[in-house]
Amino acid sequence: MTEPDFLTATRAAYDTSAALYAETIPERFHADPLNQAMISVFAELVRAAGDGPVADVGCGPGHVTAHLRSLGVTAFGVDLSPEMVALARGAHPGLRFEVGLMDALEVEDASLAGVLANYSIIHTPPERLPGMLAEFHRVLVPGGHLLLAFQGYDDPTELAEAFDHKVSLAYRYSPGRVAELLLAAGLAEVARLVIAPDEDPQRGFPQAHLLARRTA
């Protein structure tokens with residue numbers, strides 16, 4: 001099967017920029033308590049349900065996977081970019097990282113207690129997002145949790161708008177419209193956090209964090 005062009009382009013872009021990304025993004029993440037806020041809630045819910053495995057999809061250099069582990073969650077990372085996975089393994093040798101696709105995870109049905117996609121759905125074209133959410137539903141146990149973080153889009157009549165991400169073409173998504181797609185995929189919204197646009201000094205985008213639970 002021929003790989004979609006956006007996957008090939010995204011992989012190549014992140015392979016090329018992996019070292020620079022690993023030098024800057026983890027530090028930015030750890031300095032931003034709002035970006036971490038919903039991750040802490042997500043981790044607490046996973047632990048309360050018995051601490052099954054969690055996939056950090058689009059894990060990059062592994063800093064969020066390691067953060068989940070520091071919160072007591074059994075987490076592993078998956079990323080499209082082999083260079084990112086190599087850096088993650090080097091930085092966090094005690095954790096599991098593998099090359100893979102977010103919409104075709106190599107795990108059994110209903111085998112994960114949680115899925116975290118921290119700013120990793122942004123390179124997914126809008127027409128492919130429902131299929132990705134269906135994959136997250138497939139791998140979650142009933143009652144398992146999904147946490148999405150992404151650049152937000154204020155227009156509730158449109159799902160997404162493309163923008164010129166530094167690494168590769170990306171999309172910012174309407175939180176309300178994404179919540180509708182989650183529900184259609186069998187994932188009920190539990191909570192959302194939308195960080196005000198003025199808190200983003202670079203682009204002035206709102207930052208959305210949606211927490212959902214797989215329905216029984």
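Trainee: Which hand does the crossing of helix 5 with helix 6 have?

Mentor: Helix 5 passes helix 6 in a right-handed crossing. A crossing is left-handed if the near helix is turned anticlockwise from the far one by less than a right angle, and right-handed if clockwise. Some ground rules: this is a predicted model, where local features need pLDDT of at least 70, side-chain atom pairs count only at pLDDT 80 or more, and totals for chains, interfaces and linings use all residues. Residues are numbered from 1 along each chain as its sequence is written, and side-chain values use heavy atoms, with hydrogens and water left out.

Trainee: Why is helix 5 called oblique to helix 6?

Mentor: Helix 5 (residues 129-139) and helix 6 (residues 175-184) pack at an angle of about 50°, with axes 9 Å apart. That angle makes helix 5 oblique to helix 6, because angles under 35 degrees count as roughly parallel, over 145 as roughly antiparallel, 65 to 115 as roughly perpendicular and the rest as oblique. The axes are lines fitted to C-alpha atoms, for helices over the stretch in contact, and angles run from 0 to 180 degrees between N-to-C directions. Helices themselves are DSSP runs (H or I, at least four residues), as are strands (E, at least two), numbered from the N terminus.

Trainee: Which residues meet there?

Mentor: From helix 5, Leu129, Pro130 and Leu133 meet Val178, Leu181 and Leu182 of helix 6. By class, this contact of helix 5 with helix 6 has six nonpolar, no polar and no charged residues. Ala, Val, Leu, Ile, Met, Phe, Trp, Tyr, Cys and Pro count as nonpolar, Asp, Glu, Lys and Arg as charged, and the others, Gly among them, as polar.

Trainee: What makes Val139 buried?

Mentor: Val139 lies in helix 5, and its relative accessibility is 0%, so Val139 counts as buried. The label means under 20% relative accessible area, with exposed over 50% and partly exposed in between (1.4 Å probe, protein chains only). Leaving aside neighbours within four places in sequence, Val139 is in contact (heavy atoms within 4.5 Å) with residues including Leu105, Val107 and Ala110.

Trainee: And why is Ala110 called partly exposed?

Mentor: Ala110 has a relative accessible area of 36%, so Ala110 is partly exposed. Ala110 is found in the loop between strand 3 (97-99) and strand 4 (112-118). Its backbone deserves a look too: Ala110 has a positive phi of about 50° although it is not a glycine. Tyr119, in the loop between strand 4 and helix 5, also has a positive phi, near 60°.

Trainee: How do you know that helix 3 is mostly covered?

Mentor: Six of the eight residues of helix 3 are buried: His63, Val64, Thr65, Ala66, His67 and Leu68. Take His63: its relative accessible area is 9%, so His63 is buried. The buried residues of helix 3 pack against elements including helix 1, helix 2 (33-48) and strand 1 (54-57).

Trainee: Which residues form the contact of helix 1 with helix 3?

Mentor: Ile25, Pro26, Phe29 and His30 in helix 1 meet His63, Val64 and His67 in helix 3. By class, they divide into four nonpolar, three polar and no charged. The two helices pack at an angle of about 35°, with axes 10 Å apart.
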